[in-house]
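Work through the following exercises with the sequence and the structure open side by side.

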Amino acid sequence: MKESRKIIILAVLLTLTVACCVLLSFPGRGESEETSEVRPVVTAVSAGDVRAVALINETGSIGLLNLPEGIAVDGADAAGYSQSKLITIVYTLSHLKAQRAFDAPADQAAEDVYGFSDPSAQVSLLLEDTTIRLILGRRSPVGGEHYLKKEGDPAVYMIDEETAEMMLQSVLDLRDLSMYPALTQEALKELTQIEITNPKGAIVLQQIASDTVSSFYGMTSPVMAVLDWKNVDNAVLNPLRELLPKHFVSDDKPLSDYGLDEPEYTLKLTISGKTYTCGFAQKNPDTWYCANLAGTLVSETDASTAEFLQADFMDLIGGSIYTAAAADVSRLSAKYGEKVVELELAGESAALTGYAGDRQMDYLEVLDFYDRIDSIPAAAVYDETEPLASAPVLTLTVSRRNGSEDILEFYSVPRRQCAVYVNGACEFTTYAAVVSDIMEAFDWLETGRMD
């Protein structure tokens, strides 16, 4: 048996070796395909050795001075500029890698073809004893990358759109365009309320006192709901971190010139007791105007970065009306019909163990059971005028390891649905079939078999 296994492993290794040799035998096929997994190095110097950076493009010239106290914009007040943007420029240009490189004829025709005779931008990195000069050519019509040339280097480099845009930006784009403080880990702890208003209505998220990550934020409007922290992270917090305006527009014109006196979308963040109100108005399908409405500094941001502001509150509810991570739970109790079935949980990670009566369940069995009960999708917003059954079909009690307890009651309503009361409050209905599935899961927990 061992000999057969060795033969199989050797055969696989031989096949992989032959495949690698075949792939390596093919030469590069020109500009549209990468010739190597290793990206060509354009510059590789320590950012600390760069004394200054001179950048010239169609917007004018920018001089950056690398000083011990930080990076300064030559001839301007450093306080109005973003140090993170300035540091990014110096570091990126000092450690610049291309997508790929190729050799080109050293003649005027090639200079014209790649746009080096009329460059889009020119960069000089001033070191102590030398200067590195880069020339940005035109944009490739094939892959969307930009041609780049380094003085004294025969190669033509292809750099990505993001790096090219950095070289093409104006000095005004280097200003601090942020509309609210950066959401560092510490600032995030002080982010107590998030309010998003769009044509669908207003959504208010409130940070709630809890020592479990699964209930970090709750929705208080238009409905009350406990939210899964992962859903909030993906749908709101991560986009908030990335919502950084790209281009300066104006700081001396009324907001009404850009439709920001009556913005289409409004974002309010309460951080450390201070509220920051930001407005957004569409410039075109790809770009939005944005501003902190307490001032007149107007910027532009990509429509994709502001897309999360279009969310409906049901999007934030996610896949379940109520969630509780198995690691946070100490006991589950289900009462339905004449039955009361309980599951005690102990341990963590792969050592998580469940106890149901005389039955002990290992980690995989607990997860299998939990998969059957942890999704309670919202069918509709609960209408209080609908007739409600006098007694719950199912009462589910979730006891957490921190000592808190949640009680979920499921009452039958018309349309084959159940109103879901969480700690006495009801905002949504779920499907009757979902409640039946939960009860069947507890039947399996009690008997070890599914009928």
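**Exercise 1.** Across which strands does helix H8 lie, and at about what angle to E21 does it run?

*Solution.* The model is a predicted one, in which local features need pLDDT of at least 70 and side-chain atom pairs count only at pLDDT 80 or more, while totals for chains, interfaces and linings use all residues. Residues are numbered from 1 along each chain as its sequence is written, and side-chain values use heavy atoms, with hydrogens and water left out.
Begin with the elements, which are DSSP runs numbered from the N terminus (helices being H or I of at least four residues, strands being E of at least two); the chain has 9 helices and 26 strands. Helix H8, residues 363-373, lies across strand E18 (329-336), strand E19 (339-346), E20 and E21, and runs at about 90 degrees to E21. Axes here are lines fitted to C-alpha atoms, for helices over the stretch in contact, and angles run from 0 to 180 degrees between N-to-C directions.

**Exercise 2.** What is the strand order of the open sheet of 9 strands, and which strands stand at the edges?

*Solution.* Reading across the open sheet of 9 strands gives E21-E20-E19-E18-E23-E24-E25-E26-E22, with antiparallel pairing, where two strands pair if DSSP finds at least two bridges between them. Strand E21 (359-361) and strand E22 (380-381) stand at the edges with a single partner strand each, so one side of each is left without a neighbour in the sheet. For E21, the pairing with strand E20 (residues 353-356) is antiparallel and extends over 3 bridges; in it, Ala-356 has Arg-359 of E21 as its bridge partner.

**Exercise 3.** Describe how H8 packs against H9, giving the axes and then the residues that meet.

*Solution.* Two packed helices are described by the angle between their axes and the distance between the axes. The axes of H8 and helix H9 (residues 432-447) come within 8 Å and cross at roughly 155 degrees, which means that H8 is roughly antiparallel to H9 (angles over 145 degrees count as roughly antiparallel, under 35 as roughly parallel, 65 to 115 as roughly perpendicular and the rest as oblique). From H8, Glu-365, Asp-368, Phe-369, Arg-372 and Ile-373 meet Ile-438, Ala-441, Phe-442, Trp-444 and Leu-445 of H9, contact meaning heavy atoms within 4.5 Å. By class, this contact has 7 nonpolar, no polar and 3 charged residues, where Ala, Val, Leu, Ile, Met, Phe, Trp, Tyr, Cys and Pro count as nonpolar, Asp, Glu, Lys and Arg as charged, and the others, Gly among them, as polar.

**Exercise 4.** Where do Ser-349 and Arg-416 lie, and are they buried or exposed?

*Solution.* Most residues other than glycine have a negative phi, and most peptide bonds are trans. Ser-349, in the loop between E19 and E20, has a positive phi of about 50 degrees although it is not a glycine, and with a relative accessible area of 58% Ser-349 is exposed (exposed means over 50%, buried under 20% and partly exposed in between, with a 1.4 Å probe and protein chains only). Arg-416, in the loop between strand E24 (405-413) and strand E25 (417-422), has a positive phi of about 55 degrees and counts as exposed at 72% relative accessibility.

**Exercise 5.** Which peptide bond is cis?

*Solution.* The bond from Ser-221 to Pro-222 is cis, with omega near 5 degrees, and Pro-222 is placed in the loop between strand E11 (217-221) and strand E12 (225-226).
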